[in-house]
Amino acid sequence: MGLDAVLVTGGAGFIGQHLTSRLLANGRKVVVVDDFSTGQPLEEHPLLTIIVGDISDSSVRQEALSQVKSVINLAAIASVPLCENKPEVSSRVNFQAAQSLFLEASERGISAILHASTSALYGVPEGLPLTESHPVNPIGNYGLDKQKAEVALLSIEQSPVCALRLFNVFGLGQQRGSPYSGVLTIFSEKIIQNKELTIFGDGNQSRDFVHVTDVVSAFVACLEELEKNGVESKLSGKKFNVCSGESMTLLDVIESFSLYTKNEIKVEFEPPRDGDILHSLGSFDSLNKAIGWKPSTDFSQRLQELLL
Ligand code: NAD
Ligand code: UD1
């Protein structure tokens, strides 16, 4: 594996599979580290190396880092309720392993270090849309550990680093059959199976749903910019929202789904989840000004795809 390779931790996961495919299609060599806790098997590819292992394990990190030019850190426990149930795992993977990876990558002089941060850092919004200057005030274990990881990354000055604060990412390929998947995956699967949907709360909570292909484009564009301009890059040391700039309530989402199915959609209501926030809507102006990135997805069309 040549030293132009990119390490994608969590490369077998939902976003990771899409990102890995795009990098390979662009002719980049990719090293994936994944413990396959939620990841799915990856297709073999001549430019792809897969290391099955835990990013909490320093020997796994060293093996991977020794083979690559750049790093994109996606490995994490991505589910808010799972992090509430397993705080020690959230802390170990979402914070400590990420911090170690960033420091070790920087010590090795890695060309670019990118990280999947989250809009969960903002906590309860003081105003919408959320910009990167909004105070950071996460309310659950997931958001707190992801915040600590982001702080650890952005405090590294000697390497080109950048955090992308992803909003609610959706699209095909998210793990099915898991209560810890994103709400659009869970709802679409239940609609196909004619099962009752569960709404935690009253359904008026809103989210900014950004399609996975737009998220992948953001990572690839930021990677190329950081590799080109290093610490002088306008991205280096910064965090950027990656979002659609639009939000929908869960009730809106269910109404949209109902346009694309003949099945009757049945709904039950349960109390809100711990650590859940009510509203989320981002502004992508910052990343747009920096590198011209903007989302290009038609939400309704992409929602329809989930039911096919
Ligand atoms: P995912 O669960 O599909 O992917 C995470 C991957 O990491 C999986 O393949 C899993 O097997 C792997 N993994 C978990 N723990 C690991 C460990 N200790 N060592 C090695 N691999 C490990 O989740 P995703 O939706 O693809 O999320 C990817 C990243 O994006 C995460 O960091 C998440 O916090 C962040 N993010 C996701 C969203 C979203 O809406 N999906 C939004 C904001 C941020
Ligand atoms: C999601 C991501 C998280 C990311 C964050 C960014 C997943 C699994 N989680 O968290 O990684 O950092 O966006 O904002 O992708 N809900 C129901 N019924 C269900 C499932 C969910 O009502 O069956 C509700 C939840 O209570 C919540 C909303 O739908 O109010 C969204 O939940 P979810 O898709 O898990 O996303 P977030 O918690 O926002």
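This is a predicted model: local features need pLDDT of at least 70, side-chain atom pairs count only at pLDDT 80 or more; totals for chains, interfaces and linings use all residues.
**View 1. Residues around ligand 2.** The shell around ligand 2 holds 23 residues, each with a heavy atom within 4 Å of the ligand. A78, T118, S119, Y142 and R273 come nearest. The shell divides into 12 nonpolar, 8 polar (Gly among them) and 3 charged (Asp, Glu, Lys or Arg) residues.

View 2. A polar contact here is a pair of N or O atoms within 3.5 Å. An oxygen atom of ligand 2 lies 2.6 Å from a backbone N or O atom of A78. Side chains also take part: an N or O atom of N168 is 2.9 Å from a ligand oxygen atom, and a polar atom of D276 is 2.7 Å from one. Ligand 2 alone exposes 740 Å², of which the protein buries 92% (Shrake-Rupley method, 1.4 Å probe).

**View 3. Ligand 2 and the two domains.** An automatic or database assignment gives domain 1 (6-169 + 209-242) and domain 2 (171-207 + 245-281 + 297-306). Ligand 2 lies between them, because both give residues to its shell. The domain centres, taken over C-alpha atoms, are 25 Å apart.

**View 4. The interface of domain 1 and domain 2.** Contact (heavy atoms within 4.5 Å) joins 25 residues of domain 1 to 24 residues of domain 2. The buried area, the accessible area (1.4 Å probe) lost by both parts together, is about 2,100 Å², and carbon and sulfur atoms give 62% of it. F14, F209 and H211 supply 34% of the area that domain 1 buries against domain 2.

**Notes.** Residues are numbered from 1 along each chain as written, chains are lettered from A and ligands numbered from 1 in the order written. Local features need pLDDT of at least 70, side-chain atom pairs count only at pLDDT 80 or more, totals for chains, interfaces and linings use all residues, and side-chain values use heavy atoms, without hydrogens and water.

Key. A polar contact is a pair of N or O atoms within 3.5 Å; within protein, one must be able to donate a hydrogen and the other to accept it, and residues adjacent in sequence count only if both atoms are side-chain atoms. Buried area is the accessible area (1.4 Å probe) that two parts lose on being put together, summed over both.
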